[in-house]
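Open the model in your viewer and keep the sequence panel beside it. This tour goes stop by stop: select, look, move on.

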Amino acid sequence: MTSPESRESGKIHILSNATINKIAAGEVIERPASVVKELVENSLDAEATSIKVEITSDNNGIAKIRISDDGYGMDADSALISFSRHATSKISKISDLYEISTMGFRGEALASIAAVSKVTMITKQRTLEPSPGTKIVIEGGDVVEQSPVSAPDGTSIFVEKLFFNTPVRKKFLKSVKTEFTHIFRVVEEASLANSGISFQLLHNGKVSLSTGKSGSVLDTITYVYGTEYAKEMIPVKSLQTFMKVDGFCAPPSLDAPNSRKIIISVNNRPVYSLPLVQAVKRAYGTLLPRERYPVCFLNIRIDRKVVDVNVHPAKKEVRFSREKEITEEIVASVREALDSRNLLFSYGAGNKNIIRKVSVVDDTSQKPLFCVSSEDPVYNPYSGRTNKIKENRSDHSLAEYSTTDSRLRSSADAAESEEDDRKLPYMKVIGQVDDSYIVTQMRGSDEDEMVIIDQHAAHERIMYEMVCEKRNSGHISQELLVPSVIPFKPSESAALSENLQLLEEEGFFLEEFGKDTYALRAVPVILGKKAGTETLRDIVNDLLEGGRAQSLDILKEKISSTIACKAAIKAGTSLSVEQMERLVDQLSRTKNPYSCPHGRPTMISFSKSRLDSMFKRS
Ligand SMILES: Nc1ncnc2c1ncn2[C@@H]1O[C@H](COP(=O)(O)OP(=O)(O)OP(=O)(O)O)[C@@H](O)[C@H]1O
Ligand SMILES: [Mg+2]
């Protein structure tokens, strides 16, 4: 006999409810973390003030999930109906969809969870009169028990045998560690978005995350990541007529390998929105290497009509009708926050690894970033004398000296023109290490600091800002007396021909000169003919590297940083004291003296107290 749902029947028919529910569940409940997300959202909608998530795992994976809240609970009738598909107390008409104020609105989650697991719900409505609670047990969508029980106000939902009747989905689950990391992220996001509610996450009885309900995001950051981390956070605040941004961003020294620590919530809903994540990354600009990501927690309040949460079956993504204004506001507010702070990399700061802290217990001891040589008898940063730590190389020729001098001079006009525009306090040059690092003493507000400057990175920053400024003022190009005729490979010449206009804006004037050959007629002023030709080759590589997918802004930034890199003095160049002083002065007048255009630090500071503790004086 052919079943009504088999393909052989060849007839169109309506699927059974059990099958419909399983299909729907497949969209809503992807993994254990989806169960946690849905149930936590229900607890939030029930106005809970405490939410407890308990996870039990064994060798076969995540075995049990229990979520308990002290929310308003349900009476016996509502408890039963809550497991039906499209049963919701949160919206009642289509227009409600355009202004959703609750986490849930589809009436799908409980039905979906119950369709693919065994669920035991105990719930009791908050009532003035004493009333019993209700216990309901549902397995694979069928009610197997319903009875009155005595219970505290609120709801507790216990989920076991997840995906017992959908073996394929079960097979795709990852290790306990991976699945728990997803669960952690759900609770982490929910707690950051709702700092007035206390969250607890336990794994096999051990507390993995626990927050209070003070209402302060900084307190939640402290609970989740620790005091050390919270101490570094920079407040982000902005208030516009259409939106309010509130949150914290980390200095670039506390960066992350991926964008997972950019956590954004909109009207208390943790959301994933690529444009918003990109906006935060954009705000950090060259403060971070392109492959590193900021750590940033933002809560956005915005008119509900502007947000569409009904675009993804698991409500993971949201869309905004005023996306451009919103992203611009995020860029501006995060930038303002970063600008307000001294972002000097302090020795040891990069060791606070937020990602490692929350996901894996790793006892690897902190590795020092580098060691200061104590062998050199001349080394005495606090002597007040200006010494060369290492003698100038004997082959430090006049030619090298004058090349360096002219490079430093080329950046001087822009950097040294205005008075009192220094972003950094005065730094006294002590000497140079390995012809690459400049050792200085910086006057701090509380105590002095030893600051080590990477001379190439520092000069790159100076040159980069100059290149950007000159581009805006249009004075960037220097015509060559005799044009250089340069042959290219066909792929290179194709990339060039597509970007001639862009290169012109950066100061390179090129004309086609036969097949795959170009005549270079002008180069950026700061490069000169030889460096100009070499730099053009590097830029062509940049163009080819990212393919056509690169945005114009990224291309411009890449080209400007390649020009800056070529024009900057190199590591391994011996500098005179006067040259070092000039470089330090120019650096302190840049808009962002803390990182090179590739996002690496230009300076690393050792506070006096840090030095004292390294020498075991305190
Ligand atoms: N923890 C809870 N406390 C009180 N009521 C709850 C709780 N969980 C669920 N409910 C009730 O059960 C209903 C169904 O929940 P369910 O999660 O299935 O749908 P929803 O939250 O309305 O929408 P969505 O499918 O988008 O989550 C809710 O509308 C709510 O009235
Ligand atoms: Mg729900």
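**Stop 1: the cysteines**

Start with Cys 596, which is buried, at 0% relative accessible area. Keep in mind that this is a predicted model. A disulfide is a covalent bond between the sulfur atoms of two cysteines. The cut-off used here is 2.5 Å between the sulfurs. How many disulfides does a search of the whole structure find? The count is zero.

Next, select Cys 468. Is Cys 468 buried or exposed? Cys 468 has 17% relative accessibility, so Cys 468 counts as buried.

**Stop 2: ligand 1**

Select ligand 1 and show what surrounds it. The shell holds 21 residues. The closest are Thr 88, Ser 89, Lys 90, Arg 106 and Glu 108. Colour the shell by class: you get seven nonpolar, eight polar and six charged residues.

Now look at single contacts. Go to Glu 108: one of its backbone N or O atoms lies 2.7 Å from an oxygen atom of ligand 1. Move to Gly 107. A polar backbone atom of Gly 107 is 2.9 Å from an oxygen atom of the ligand. Then pick Thr 155. Here a polar side-chain atom lies 3.3 Å from a nitrogen atom of ligand 1.

How much of ligand 1 does the protein bury? Taken alone, the ligand exposes 590 Å², and the protein buries 96% of that. Two elements give two or more residues each to the shell: α2 (32-45) and α4 (109-115).

**Stop 3**

At 0% relative accessibility, Val 36 counts as buried. Val 36 and His 182 are 146 residues apart in sequence, but their C-alpha atoms are 9.6 Å apart in space.

**Stop 4: salt bridges**

Turn on the charged side chains. A search of the whole structure finds 30 salt bridges. Visit a few of them.

Select Arg 31 and Glu 179. Their side chains meet in a salt bridge, at 3.0 Å from N to O. Where do the two partners sit? Arg 31 is in the loop between α1 (17-28) and α2, while Glu 179 is in helix α6 (residues 176-193). The pair links distant parts of the chain, 148 residues apart. Both Arg 31 and Glu 179 are buried.

Go on to Glu 534 and Lys 566. They form a salt bridge, with the closest N and O atoms 4.0 Å apart. Glu 534 lies in helix α16 (residues 528-545) and Lys 566 in helix α17 (residues 552-567), so this pair ties together parts that are 32 residues apart in sequence. Glu 534 counts as partly exposed, at 35% relative accessibility. Lys 566 is partly exposed too, at 23%.

Now pick Lys 608 and Asp 612. Their salt bridge has its closest N and O atoms 3.1 Å apart. Lys 608 and Asp 612 are four residues apart in helix α19 (residues 608-614), so about one helical turn separates them. Lys 608 is partly exposed, with a relative accessible area of 36%.

Finish with Lys 237, Lys 244 and Asp 246. Salt bridges that share partners join these residues into one network.

Note on methods: Residues numbered from 1 in each chain as written. Chains lettered and ligands numbered in written order. Predicted model: local features only at pLDDT ≥ 70, side-chain atom pairs only at ≥ 80, totals over all residues. Heavy atoms only, no water. Near = heavy atom within 4 Å. Polar contact = N/O pair within 3.5 Å; in protein donor to acceptor, adjacent residues only side chain to side chain. Areas by Shrake-Rupley, 256 points an atom, 1.4 Å probe, with all protein chains shown as cover. Nonpolar A, V, L, I, M, F, W, Y, C, P; charged D, E, K, R; others polar. Buried < 20%, exposed > 50% of the residue type's maximum accessible area, 1.4 Å probe, protein only.
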